[in-house]
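Hi,

Here is the structure I promised to pass on. Have a look at it first, and my notes follow below.

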Amino acid sequence: FPVSVLQDGAKMVNEPPKGLRTNIMGSYLTFDQAYLDGCPKLQHWRKLLFGLCFLHAIVQDRRKFGPLGWNIMYEFATGDLDMCTQQLHLFLSDYEEIPWAVLQFLEAEINYGGRVTDDKDRRLLNTLVRTYTCPEVMNKDYKFSESGMYFSPDCEQHEEFLEFIRTFPLSPGPEAFGLHDNADITCAQNETFALMEDLLECQPKSASGGGDRDQEILNLANDILKRIPAKLDLIKAQEQYPTDYHESMNTVLTQEVIRFNNMLRVVNSTLKNLIKAVKGIVAMSGELDAIGTALFNNAVPGSWASKAYPSLKPLAPWLIDLEMRLEFVNKWINDGHPNCYWISGFFFPPAFLTGALQNYARKNQYAIDRVSFQHVFRDDITKDSAEKPDDGVIIYGMFMEACRWDYETHLLADPNPKELFSDAPLVWLKPIYERQPADPTTIYEAPLYKTLVRAGTLSTTGHSTNFVLMLEVPTDKPQA
């Protein structure tokens, strides 16, 4: 379009209504009685149509829970629902027996699934589709959630459906979406953090009633330079841990030192230049001004974050975390390979995991692509009492979100009320040659991420910038 037309024109956006009840009501207001009566299998058509509208509202409204709802925020549209209803009408009209598998595949892999790019989100979408499009929907006792409030009614008239939808609460609980009650706390926190970030962006750069902004930046920069070393001793690491065919962890350590040094070099040089710029010795560039503003706002500068590991922490805890990571690496250099590894402290965890598999494969002359980890949860030991295993590695420093580890039953369980995160036990990553798949009824495949954002991008190494690995966690609950 010409620029003049765009400038003089008005933009209209049709956004999905917020709220489960409003969303379903919006879908049913587009129907009429003739549409509800326009199928040979009337009972199946009406009940499954309601299930589709409920599914559409669920996939759209789950976005308010952030990463708990979807790893990536997808723009599901009304066209997805329209295509599903058309296909449902077609299969009910032309087939004597309902092809449930075909309907589920079309919904989960094509209509809605065509937008989904994350494999964990695709697993979730398949689970949701099997909940709302299945033979059990025809049963009167089948409910969409544990509360029993949501189900596909035996209504015949259009107005009856609308009256039933009006009985839904305006603010549904997380159980309607298949989530724990704690998800409401996470949702409220996300909204608050987003509001505070917007307010922070509106804050003037000059402090009012406080101290001098430039002096505060100088104090922070000098304090960070004192706390954070300029570099780690790469020469010492290479001399004490040379490249060894039978010990891949030597290479892992030196690579970690190189990565940390690349980051420390940027932190050190920019802080020194910032101090000179604040004092007027050198010109204040846009990059240095952005770093100064970030330090003043207790945020990690973007130029540091681009060279660092993924982290969501503000500046103060980020620096504490960096000190702990450097201490972990220095202790490894000075004291030798640890009995168990702090996996959260690695700059690039995939290299560490590959090194553990490589050690086992070379030790036994196995092809590394046929070796995989068995996940043994060791809640009977701590990082201080752990002994180095003959094969594999023991890792610690993981946390569980939306679940917890039951130390009595030694199984995965629902989280305690108002407990958003809990410590995970130590895990022994035990390499096995040609390991048989675990029984899916006894484990839950839980993804391990570096940060709570969960979503990541594919890096040049072929690994995700956030996802680490899938852990097979013992449980007595079904995966879906």
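A residue is called buried here when its relative accessible area is under 20%. Please keep in mind that this is a predicted model.

Let me start with the aromatic rings, where the count comes to 40 pairs. In one of them, Tyr-35 and Trp-45 have ring centres 5.4 Å apart and planes at 65°, so the pair is edge-to-face. Tyr-35 belongs to helix 3 (residues 33-36) and Trp-45 to helix 4, so this pair ties together parts that are 10 residues apart in sequence. With a relative accessible area of 0%, Trp-45 is buried, whereas Tyr-35, at 29%, counts as partly exposed.

Phe-54 and Phe-168 also pair edge-to-face, with 6.5 Å from centre to centre and 90° between the planes. Phe-54 is in helix 4 and Phe-168 in the loop between helix 8 (158-166) and helix 9 (183-202), so the parts they tie together are 114 residues apart in sequence. Both of these Phe residues are buried.

Two lysines sit over rings as well. Lys-120 lies over the face of Phe-467, 3.5 Å from the ring centre, and the charged end of Lys-143 is over the ring of Phe-151, 4.1 Å from its centre.

What about disulfides: how many does the structure hold? There are 0. The cysteine sulfur closest to that of Cys-53 is in Cys-84, 10 Å away, which is too far for a bond. Cys-53 counts as buried at 0% relative accessibility, and Cys-84 counts as buried at 2%.

Finally, the buried residues of helix 6 include Trp-100, Leu-103 and Asn-111. Among the elements covering them are helix 4 (42-61), helix 5 (78-94) and helix 7 (119-132).

Best wishes

Definitions and conventions. Residues numbered from 1 in each chain as written. Predicted model: local features only at pLDDT ≥ 70, side-chain atom pairs only at ≥ 80, totals over all residues. Heavy atoms only, no water. Buried < 20%, exposed > 50% of the residue type's maximum accessible area, 1.4 Å probe, protein only. Helix = DSSP H or I, 4+ residues; strand = E, 2+ residues; numbered from the N terminus. Contact = heavy atoms within 4.5 Å. Disulfide = S-S within 2.5 Å. Phe/Tyr/Trp six-rings, centres within 6.5 Å; stacked < 30°, edge-to-face > 60°. Lys NZ or Arg CZ within 6 Å of the ring centre and 35° of its normal.
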